[in-house]
Amino acid sequence: MENPAKGTLQTRQVLLLFALLGISRGDPEPGSFSVEEEMPSGTFVGNLAKDLGLEVGELSLRGAQVVSNDNRQPLKLDINTGDLLLMETLDHEELCGSTEPCVLHFQVLMKNPLQFLQIELQVKDINDHSPIFLEKEILLKIPENSPVGAVFLVESAKDLDVGNNAIKTYIISNNSHFHTKMRVNPDNQKYPELILDKALDYEEQPQFSFILTALDGGSPPRSGTAVVQVVVVDTNDNAPEFEQPFYEVKIPENSILGSVLVTVSAGDLDSGINGEITYTFSHVSEDIQKTFKVDQKSGEVSLTASLDFETIESYSIIIQATDGGELFGKSTLRVQVMDVNDNAPEIAISSITNSVPENSPETVVLVFSIRDRDSGDNGRMVCSVPEDLPFVLRTSVKNYYTLETEQTLDRETTAEYNITITVTDLGTPRLKTQHTITVLVSDVNDNAPTFTQSSYTLSVPENNSPALHIGSVSATDSDSGTNAQLTYSLLPPPHDPLPGLASLVSINADTGQLFALRALDYEALRAFEFRVRATDRGAPPLSGQARVRVRVLDANDNAPFVLHPLQNASAPCTELLPRTAQPGYLLTKVVAVDADAGQNAWLSFQLLQASEPGLFSVWAHSGEVRTARPPGERDAPRQRLLVLVRDNGQPPLSASVTLHVLLVDGFSQPHLPGPEAAAERAQADPLTGPLVVALASVSSLFLCWLLLFVALRLCGRSGRAALPGCPAPEGPFPGQLLDVSGAGTLAHSYQYEVCLTGDSGTDEFKFLRPFFPSLPPQSAGEETEGKPAVRNSLGFS
């Protein structure tokens, strides 16, 4: 038949269970959740959105995530539903030990915008551990003269559970000598006491045993048992007594192993073996047994294992002094562990961005938290980054920091940053932790291409072959990737567009190489300009420009052209030479031009052939034809000269001109001697008389020729009538005559009239007379771009 008392106990346990479940289902404060230990992974903890009053979609939009100071992350947030789920099974004893309540702190990080929310998770203990006695058999020696009501301590059981699930009571099996009572020590540890109900008699019963049971407060309760073996000891009247009932000592956690913490002392009034005292620890945990040791004879308590303030801050040790008669006294030793700065700060990364686009202000690069396991000043921390970097630390929640850009970044200046975050505590000595991250600056198309030169000058010989490579342009772009890939193109000059530029030159869009598309003619186009553009492939694209001037180099492809005397006239032009001419007399001047330039247009003149060798000479640089000696009576009246005009090109080109000379008598009056000079010579010379007669005859003949000369002069002044024997030039002059340097050449912008002079005081001819003197002369070094056709005075073009 079932025990009624046991049924009542089960009913109470069920009611208590329902009451606890009702309490657990009460509405907790916002941000607080609870879960029982040993729940499987995936267990629903609570709805974060509902608890914090947020919309479910807001969690997803703001990039919410659960973070903690530890690298351990037992919670998972479903941002689609707002549910908090367990990621692993939690063990109350592993997380908090005997600490109650066991609360884990987390933070909810929302990135857009940045916000931190604090949440707490309380891990509730369940009764999953039974009380355990370290020794299954407890030996208790009690003097026979112990009075009724005497109290005897026995070893307590250990239960890893806490709160109601911890040890609640001790019971013993039925016996006639003892009953149990609970004792609570200063460290809140419960120990069983045996109280003597009946005096012991060594002679009647020297020993006996009973079962000691430890019960916890769980539902249903768990229990553990040990056998208590009681040995009755013969009389020992005095038990040892400690000098102090309570000892307290403070030691730093970095104390040296083997150092003596305190020396306890007890006395016994008995003598002999009953007065010999032995010191031992009583009812101590396994941690205390590993950490401390007491010398049985001297009572010195020494350190045998390292202390850690962050694990255990204090120890409570019961020291027992036992005499030879098995009587004992007890005292309590409290060891307070003092913190030292033996833990460096820790950094936990929550979110990191490894690449930041340039020109982006105030960008969050890193979100992290810091902590120090020490306490006091040893646990206070200072966080910093180098001041010479464009980054700044900001904090919004305690020990949570964000690393942000302080200003816009420029990839072309610095493409990569190595940032060292330094966390230093305020302990002595100070400890620090450093964490280095690398931030890459991504490129933005903010730099236009730049040419290596703002202006390029290229040269190409005329008559070049088509598609000839004439040079290259080059541009650079400070950006990278596609933002630095360049494409080249041609642009006409903005103020003076060049017609047909696309038919003259082309550019390779990828390399910037320039090519002449067709053969160029220096005489038609000496130079031309255009602009080139380099465009990158960024979005939007940027471009740069440069000016290119192409000079056409002259080649000796034009032979000299004789302007005077013209060779295409219907009748040759005859030059008149008086027989009285002296050596060096200027007969005429061969005028020639060369369409080329430079040394290709430097002309030289040479007398190739003459009817009377030695009578005439041609000046090589000016083309002037002069007499080398006075004409003689035997010289034929008609002379023919062949003059060669040659340029200085390689190979040289040449042209020839034929001159017809007519020797006349008395042509130039100023060169004939007057009557006064004849009289003077007659007085000085006896032959003067005959000479005067001869001169008179010659003078008569000269007058006839003078009349002829006047007629010729009038002929030269007439705009329409041409002098017989000196026809006007026929046929067109060569077009596009160029300015060249050197004697015997003419500017293409002038036209000339060739005729005899009307001044009777000189024997020279007037060869050059411009019809358009108002045209501005060009400088010697100026290049002529256009080449207008030269027109002669008779309207030929």
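Where is Glu362 found? Glu362 sits in the loop between strand S27 (355-357) and strand S28 (364-371). Strands (E, at least two residues) and helices (H or I, at least four) are DSSP runs, numbered from the N terminus.

This is a predicted model, in which local features need pLDDT of at least 70 and side-chain atom pairs count only at pLDDT 80 or more, while totals for chains, interfaces and linings use all residues. Residues are numbered from 1 along each chain as its sequence is written, and side-chain values use heavy atoms, with hydrogens and water left out.

**Backbone angles in loops**

- Most residues other than glycine have a negative phi, and most peptide bonds are trans.
- Glu362 is not a glycine, yet its phi is positive, at about 50°.
- Glu362 is exposed, with a relative accessible area of 58%; exposed means over 50%, buried under 20%, and partly exposed in between (1.4 Å probe, protein chains only).
- Ala467 also has a positive phi, near 65°, and is a residue other than glycine.
- The loop that holds Ala467 runs between strand S35 (455-461) and strand S36 (468-472), and Ala467 counts as exposed at 54% relative accessibility.
- Thr428 and Pro429 are joined by a cis peptide bond with omega near -5°.
- Pro429 belongs to the loop between strand S32 (416-425) and strand S33 (432-442).
- The peptide bond between His564 and Pro565 is cis, with omega about -5°.
- Pro565 lies in the loop between strand S43 (561-564) and strand S44 (574-578).

- Strand S29 (residues 381-384) has Met381 and Cys383 on its covered face, and Val382 and Ser384 on its uncovered face.
- S29 pairs with S32 in the antiparallel sense over four bridges; two strands pair if DSSP finds at least two bridges between them.
- Ser384 has Thr422 as its bridge partner in S32.
- Thr332 has its place in strand S25 and is buried, with a relative accessible area of 14%.
- Leaving aside neighbours within four places in sequence, Thr332 is in contact (heavy atoms within 4.5 Å) with Pro245, Phe246, Tyr247, Ser316, Ile317 and Ile318.

**Salt bridges**

- Side chains of opposite charge can pair when their charged atoms come close.
- A salt bridge is a side-chain nitrogen of Lys or Arg within 4 Å of a carboxyl oxygen of Asp or Glu, and the count by this rule is 16.
- Glu326 and Lys141 form a salt bridge through their side chains (3.9 Å, N to O).
- This pair links distant parts of the chain, 185 residues apart: Glu326 is in the loop between strand S24 (314-322) and strand S25 (328-338), and Lys141 is in strand S9 (residues 137-143).
- Glu326 is partly exposed at 30% relative accessible area, and Lys141 is partly exposed at 33%.
- Glu404 and Arg394 also meet in a salt bridge (3.0 Å, N to O).
- Glu404 lies in strand S31 (residues 400-405) and Arg394 in strand S30 (residues 391-397), so the pair ties together parts that are 10 residues apart in sequence.
- Glu404 is buried, with a relative accessible area of 11%, whereas Arg394 is partly exposed at 38%.
- Between Glu612 and Arg629 there is a salt bridge whose closest N and O atoms are 3.7 Å apart.
- Glu612 lies in the loop between strand S47 (603-610) and strand S48 (616-618), and Arg629 in the loop between strand S49 (624-627) and strand S50 (638-647), 17 residues apart.
- Both ends are partly exposed: Glu612 has a relative accessible area of 24%, and Arg629 has 27%.
- Glu346, Arg371 and Arg373 are linked in a network of salt bridges.

**A nonpolar surface patch**

- Leu703, Leu706, Val710 and Leu714 form a nonpolar patch on the surface, with about 350 Å² of accessible area together.
- Patches are made of residues with over 30% relative accessible area and no salt bridge; like charges are joined within 9 Å, and nonpolar side chains (Val, Leu, Ile, Met, Phe, Trp, Tyr) within 5 Å.
- Accessible areas come from the Shrake-Rupley method with a 1.4 Å probe, and for residues only the protein chains shown count as cover.
- Leu706 lies in helix H8 (residues 688-717) and is partly exposed, with a relative accessible area of 31%.
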